[in-house]
Amino acid sequence: MISFENISKFYADGTVAVDRLSFSAPTGKITMLVGPSGCGKTTSLRMINRLIEPSSGSILLNGQPTAGMDLVKLRRKIGYVIQNAGLFPHKTVQDNIAVTALLNGATRTAARKKALELLELVGLSLSMAERYPWQLSGGQQQRVGVARALASDPEFMLMDEPFSAVDPVVREQLQDEFLRLQREIGKTIIMVTHDIDEAMKLGDQVAVFRPGGRLAQVASPVKLLNEPQDAFVADFIGRDRGYRKLSFDSIPGNISLTKEPVIEPGISVNAARALAGESTWVLVIENECPLGWYDVTQNKITVDAEDINLGSTFAPKNGTLRQLMDAVLSSPCQRGIVVDEHQRFIGTATIEHVFSPSYSRTVR
Ligand SMILES: Nc1ncnc2c1ncn2[C@@H]1O[C@H](COP(=O)(O)OP(=O)(O)OP(=O)(O)O)[C@@H](O)[C@H]1O
């Protein structure tokens with residue numbers, strides 16, 4: 001557990017960056033810090049690993065004040081991930097990850113071996129190991145940043161806007177993978193974000209800051225939505241509240257999805273057109289898993305992989321109505337693809353499925 005006890009930070013110019021902050025981040029859970037720009041989120045985070053020293057108050061790690069701790073030992077307990085990953089440009093991916101273990105005294109061979117394990121853990125293929133950061137996408141770099149922070153197997157993770165520098169589709173994927181990873185590793189995590197949707201999606205609890213470095217409310221996402229402390233919190237989290245609430249509504253087990261005709265890459269476009277019937281779009285699958293939609297009006301002979309529209313996100317059948325809506329909206333034909341736990345195609349849904357009043361909504 002990470003506890004803030006009456007923590008303040010003042011700067012010489014009179015700025016009050018953080019004002020008497022008290023709250024705890026529970027063990028094994030994700031706590032999100034969110035609030036308007038300049039309200040002290042990053043300062044609060046950086047006071048935990050003492051990149052910034054508090055002006056007054058205490059921060060405790062499992063009951064132990066950080067103030068008296070040896071800085072090296074303190075930082076060894078804490079993984080730190082920042083925006084843009086902060087990778088060393090002249091080192092390979094493997095060596096970037098290995099750095100942390102080397103600093104902690106591992107041999108070069110052991111550190112490099114550990115780096116490969118972590119690469120897999122964060123969902124990157126081993127073929128990336130010898131690449132340099134500039135040869136990776138923004139999302140891949142961010143995963144390497146997470147792998148590097150995990151290399152010393154820290155008990156605590158501090159993450160400062162780790163997903164904000166990538167486009168919305170990649171951000172969504174990174175968030176989903178991050179939640180999967182956290183189910184495996186169960187770290188005590190504090191993450192700063194600007195994005196209230198991200199806070200509500202990832203947080204077991206969300207700390208809402210108000211201007212002047214003060215804490216407005218800390219509570220679970222559902223509680224924040226249902227019982228905001230005051231008008232500031234209600235307004236801050238309340239924008240598009242209905243849409244946001246979909247994140248807490250499960251896709252109903254009795255949803256009747258539409259069975260789609262499906263094709264595999266390589267078949268003739270004529271055959272694809274026949275299967276598509278009235279529709280312009282037909283779904284392409286491979287090994288039962290969806291790849292994307294194919295526009296059968298294309299002037300082509302065969303269905304080639306590079307002509308498939310790959311932009312759609314897929315909703316897991318046990319997912320949320322928000323995921324279902326994102327799947328619908330990201331489909332070029334507004335037919336949202338639903339998959340099972342093995343990523344196999346089950347059926348499609350439309351926007352009517354998302355807003356059907358007949359579903360009994362379950363709040364998770
Ligand atoms: N070295 C400094 N000297 C004076 N003021 C500072 C210093 N560092 C930060 N501040 C101020 O402290 C306040 C809190 O900054 P902080 O970076 O923690 O906010 P934030 O909530 O993380 O903002 P953002 O969301 O924009 O990143 C801001 O008003 C900032 O200008």
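Two strands pair if DSSP finds at least two bridges between them. Helices (H or I, at least four residues) and strands (E, at least two) are themselves DSSP runs, numbered from the N terminus. The structure described here is a predicted model, in which local features need pLDDT of at least 70 and side-chain atom pairs count only at pLDDT 80 or more, while totals for chains, interfaces and linings use all residues. Residues are numbered from 1 along each chain as its sequence is written.

The protein has 13 helices and 16 strands. A residue is called buried if 20 or more other C-beta atoms lie within 10 Å of its own, exposed if 12 or fewer, and partly exposed in between, with C-beta atoms placed from the backbone. By this count, 37% of the 364 residues are buried. Two residues are in contact if their C-beta atoms, placed from the backbone, lie within 7 Å. Among contacts between residues at least 6 apart in sequence, 59% join residues at least 24 apart.

Strand β3 covers residues 30-34, and five of its five residues are buried, so this strand is largely enclosed by the rest of the structure. Ile30, Met32 and Val34 point one way from β3, while Thr31 and Leu33 point the other way. Which strands pair with β3? One is β8 (residues 188-192), which runs parallel to β3 and is joined to it by four bridges. Another is β9 (residues 205-210), also paired in the parallel sense over four bridges. Thr31 stands opposite Ile190 in β8 and opposite Gln205 in β9.

A separate description applies to an open sheet of four strands, in the order β2-β1-β4-β5, with antiparallel pairing. At its edges stand β2 (16-25) and β5 (64-65), each with a single partner strand, so one side of each has no neighbour in the sheet. Strand β4 (residues 56-61) is joined to β5 by two bridges, and Leu60 has Pro65 in β5 as its bridge partner.

Next come the helices. Helix α6 (residues 168-185) has 18 residues and reaches 25 Å from its first C-alpha to its last, close to the 26 Å expected at 1.5 Å a residue; the expected span is 1.5 Å times one less than the number of residues. Its buried residues are Arg171, Leu174 and Phe178. Seen down the axis of α6, these fall within an arc of 60 degrees, so they line one face of the helix; the arc is that of the directions from the helix axis to the C-beta atoms. The face turned away from the buried side carries the exposed residues Leu179, Arg180, Arg183 and Glu184. What covers the buried residues of α6 includes α5 and α7 (196-202). After α6 comes Gly186, with a positive phi near 55 degrees.

Gln140 lies in helix α5 (residues 138-150). Is Gln140 buried or exposed? It counts as buried because it has 22 C-beta neighbours inside 10 Å. Leaving aside neighbours within four places in sequence, Gln140 is in contact with Leu124 and Met128. Gln140 and Val170 are 30 residues apart in sequence and 9.4 Å apart in space, C-alpha to C-alpha.

The last topic is the ligand. A residue is near a molecule if its C-beta atom, placed from the backbone, lies within 6 Å of it. The residues around the ligand include Tyr11, Asp13, Lys41 and His194. Helix α1 (residues 41-48) gives the most to this shell, with three residues.
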